[in-house]
Amino acid sequence: MRTTAPQRGARYLLASLALVLGCHWLRAARHAPEPPAGPATTEELIAFVDRAAAELGAKGNAAFGEFDREGSVWKHGDTYVFVVDADTHRVLFHGHDPTRVGRDLSTIRGAEGRAFGRWGVQALAGKRDRAWIFYKRKRPGGGAPTWKASFLRRVEGPSDERYIVGSGVYDLVPDRRFVVELVDMAAERIARDGRAALALVRDPKGPFVYRDTQVFVIDTKGNVLADPFYPELERKNQIDLKDAAGRPVQRELIQLVESDEAGWRTGYLWARPGGGAPGNKDLYVRRVQLGKQTLGVGSGLFVE
């Protein structure tokens, strides 16, 4: 069938329109901004909060507007920033839940009741300008509460304002940097508060427990002074404690503490807190001097 001139014109018009729309779609797709990638690891979260601290240090409260811009590097998906007055502990800015503004951080608890706000304030009460807090919280998109690890930094603004800035990662997977950070925080707390801090370490719902990662404390005689996951080890001297393969765990850790300020021992076969077959575990220990007594403050990482 032969087409008429009007039909040929209509076909040409449709083809031209399709070409224009197609090119427009390709240009839009080519220039569509990539969604920002939020922190996912310990290193990335620390770097992220350090950047937020730099913003606050340079701009003070004026940084809140940028922190609150949806789709920015500071606010997207599960990622957001919060800022607290370091003197009054009042929340000044919250990138996800503005109803928290004005609340005292030290009174805020996790969905499971953990007093993480108070722990954060206490951890930053001394010389230490950084701390971690662990709790359960719903994601911004909803759902059941899940574990969250948040990193806090103390920082001064351009007009001598004193802030605490923080952000967190939901279901953060512990890694070596995380273990070192956790041990350093506990060691500083023990050095600062003495034996009173051991009760916090010993608490399975306390500030030094995150998922299946905990802090333990030993002395150089082989005594376990605190371990929230294995409290039965505190009942007698553990100098001869061995892993599932017969390796002398306690003696090796004591040797490390006596010879080095801090370090790793790797390749232990250790029972998991939830039961089941033993897993491969690396241990990190730091020396802490408490009066005349030398202690080892440590934690570990199951290596799959």
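Biologist: Why is Arg247 called partly exposed?

Modeller: Its relative accessible area is 25%. Buried means under 20% and exposed over 50%, with partly exposed in between (1.4 Å probe, protein chains only), so Arg247 at 25% is partly exposed. This is a predicted model, so local features need pLDDT of at least 70 and side-chain atom pairs pLDDT 80 or more, while totals for chains, interfaces and linings use all residues. Residues are numbered from 1 along each chain as its sequence is written, and side-chain values use heavy atoms, leaving out hydrogens and water.

Biologist: Thanks! What makes Glu252 and Arg247 a salt bridge?

Modeller: Their closest N and O atoms are 2.9 Å apart. The term asks for a side-chain nitrogen of Lys or Arg within 4 Å of a carboxyl oxygen of Asp or Glu, so the pair qualifies. Glu252 itself is buried at 18%.

Biologist: Which residues do salt bridges with shared partners join into one network?

Modeller: Glu43, Arg130, Arg177 and Glu181. The whole structure has 21 salt bridges.

Biologist: How do you know that Glu181 is buried?

Modeller: Its relative accessible area is 6%, so it is classed as buried. Glu181 lies in helix 5; helices are DSSP runs of H or I with at least four residues, strands are runs of E with at least two, and both are numbered from the N terminus. Glu181 touches Ile46, Arg128, Arg130, Trp132 and Phe151, not counting residues up to four places away in sequence, where contact means heavy atoms within 4.5 Å.

Biologist: What makes the side chains of Glu181 and Arg130 a polar contact?

Modeller: They come to 3.0 Å. A polar contact is a pair of N or O atoms within 3.5 Å; within protein, one must be able to donate a hydrogen and the other to accept it, and residues adjacent in sequence count only if both atoms are side-chain atoms. The side chains of Gln122 and Arg189 also make a polar contact, at 3.1 Å.

Biologist: What makes Asp171 and Arg139 a pair that ties together parts 32 residues apart in sequence?

Modeller: A salt bridge joins them, with the closest N and O atoms 3.2 Å apart. Asp171 sits in the loop between strand 5 (162-170) and helix 5 (176-193), and Arg139 in strand 3 (residues 130-139), so the pair links those parts. Asp171 is partly exposed at 30%, and Arg139 is partly exposed at 29%.

Biologist: Why are strand 2 and strand 3 said to stand at the edges?

Modeller: The open sheet has 5 strands in the order 2-1-5-4-3, paired antiparallel. Strand 2 (91-94) and strand 3 each have a single partner strand, so one side of each is without a neighbour in the sheet. From one strand to the next, the twist averages 25 degrees.

Biologist: How do you know that strand 1 and strand 5 are joined?

Modeller: Pairing needs at least two bridges found by DSSP, and strand 1 (residues 82-85) has 4 with strand 5, so they pair. Asp85 stands opposite Tyr163 in strand 5.

Biologist: What does helix 2 touch on the sheet?

Modeller: Helix 2 (residues 42-59) packs on it, touching strand 1, strand 3, strand 4 (142-156) and strand 5, with its direction at about 50 degrees to that of strand 4. Helix 5 packs there too, touching strand 3 and strand 4, at about 115 degrees to strand 3. Such angles run from 0 to 180 degrees between N-to-C directions, with axes fitted to C-alpha atoms, for helices over the stretch in contact.
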